[in-house]
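Subject: Structure for your review

Dear colleague,

Please find the structure below, together with its sequence. My notes on what was found in it follow.

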Amino acid sequence: MSVQQTIIQKLTEQFAPSVLQVENESHRHSSGRGSESHFKVTLVSAQFEQMRTLTRHRSVYQCLADELANGVHALALHTYTQQEWLEQGEVAPKSTNCVGHSH
């Protein structure tokens with residue numbers, strides 16, 4: 001199973017999301033194509049109700065602790081309640097390229 005598939009499985013089991021998007025953005029960084037080191041995660045879950053953003057992010061980091069300790073270098077997290085997601089226009093912010101990487 002790929003790292004991306006593992007992330008999807010773990011987040012699905014932990015957060016029962018209504019929206020889950022896991023994008024491998026390693027090619028935007030020095031890691032290069034084929035690497036699985038940088039991911040953008042958009043996660044919409046009822047579990048985030050009454051949780052501050054920092055607490056949401058900590059819960060995702062805890063869920064993915066093994067991946068972060070074994071090759072995943074960065075997670076760009078976008079965590080929302082269903083209402084926040086609707087207010088956001090059902091789209092996460094665009095990612096930027098790593099400094100020094102032009103693709």
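Predicted model: local features only at pLDDT ≥ 70, side-chain atom pairs only at ≥ 80, totals over all residues.

I begin with one residue. At 0% relative accessibility, Phe 48 counts as buried (buried means under 20% relative accessible area, exposed over 50%, and partly exposed in between, with a 1.4 Å probe and protein chains only). Phe 15 is likewise buried, at 2% relative accessibility.

Residues are numbered from 1 along each chain as its sequence is written, and side-chain values use heavy atoms, with hydrogens and water left out.

Overall architecture

The protein has four helices and three strands, and from the N terminus on its elements run α-β-β-α-α-β-α. Helices (H or I, at least four residues) and strands (E, at least two) are DSSP runs, numbered from the N terminus. Of the 103 residues in the protein, 34% are buried. The protein exposes about 6200 Å², of which carbon and sulfur atoms supply 48%; accessible areas come from the Shrake-Rupley method with a 1.4 Å probe, and for residues only the protein chains shown count as cover. Among contacts (heavy atoms within 4.5 Å) between residues at least 6 apart in sequence, 60% join residues at least 24 apart.

Aromatic pairs

A search of the whole structure finds two aromatic pairs. Phe 15 belongs to helix H1 (residues 3-15) and Phe 48 to the loop between strand S2 (38-44) and helix H2 (53-63), so the pair ties together parts that are 33 residues apart in sequence.

The rings of Tyr 80 and Trp 85 have their centres 5.4 Å apart and their planes at 45°, so this pair is tilted. Tyr 80 is buried, with a relative accessible area of 9%, and Trp 85 is buried at 3%.

The loop that holds Phe 48 also contains Gln 50. At 81% relative accessibility, Gln 50 counts as exposed. Gln 50 and Thr 81 are 31 residues apart in sequence and 9.1 Å apart in space, C-alpha to C-alpha.

Salt bridges

Side chains of opposite charge can pair when their charged atoms come close. The structure holds three salt bridges, each defined as a side-chain nitrogen of Lys or Arg within 4 Å of a carboxyl oxygen of Asp or Glu.

Lys 10 forms a salt bridge with Asp 66, with the closest N and O atoms 3.9 Å apart. This pair links distant parts of the chain, since Lys 10 is in helix H1 and Asp 66 in helix H3 (residues 65-69), 56 residues apart. Lys 10 also bridges to Glu 67, with the closest N and O atoms 3.0 Å apart; Glu 67 is in helix H3, 57 residues from Lys 10. Lys 10 is partly exposed at 23% relative accessibility, whereas Glu 67 is buried with a relative accessible area of 11%.

In the remaining bridge, Arg 56 pairs with Glu 84, the closest N and O atoms being 2.7 Å apart. Arg 56 lies in helix H2 and Glu 84 in helix H4 (residues 82-87), so the pair ties together parts that are 28 residues apart in sequence. Arg 56 is buried at 4%, while Glu 84 is partly exposed at 29%. Through shared partners, salt bridges join Lys 10, Asp 66 and Glu 67 into one network.

Nonpolar core

A nonpolar core is a set of buried Ala, Val, Leu, Ile, Met, Phe, Trp, Tyr and Cys residues joined through side-chain atoms within 4.5 Å. The largest has 14 residues, of which Leu 11, Phe 15, Val 41, Leu 43, Val 60, Leu 64 and Leu 75 touch the most other members. H1, S2, H2 and strand S3 (74-80) each supply at least two residues of this core. Leaving aside neighbours within four places in sequence, Leu 75 is in contact with Phe 39, Val 41, Tyr 61, Leu 64 and Leu 68.

With kind regards

Technical notes. Phe/Tyr/Trp six-rings, centres within 6.5 Å; stacked < 30°, edge-to-face > 60°.
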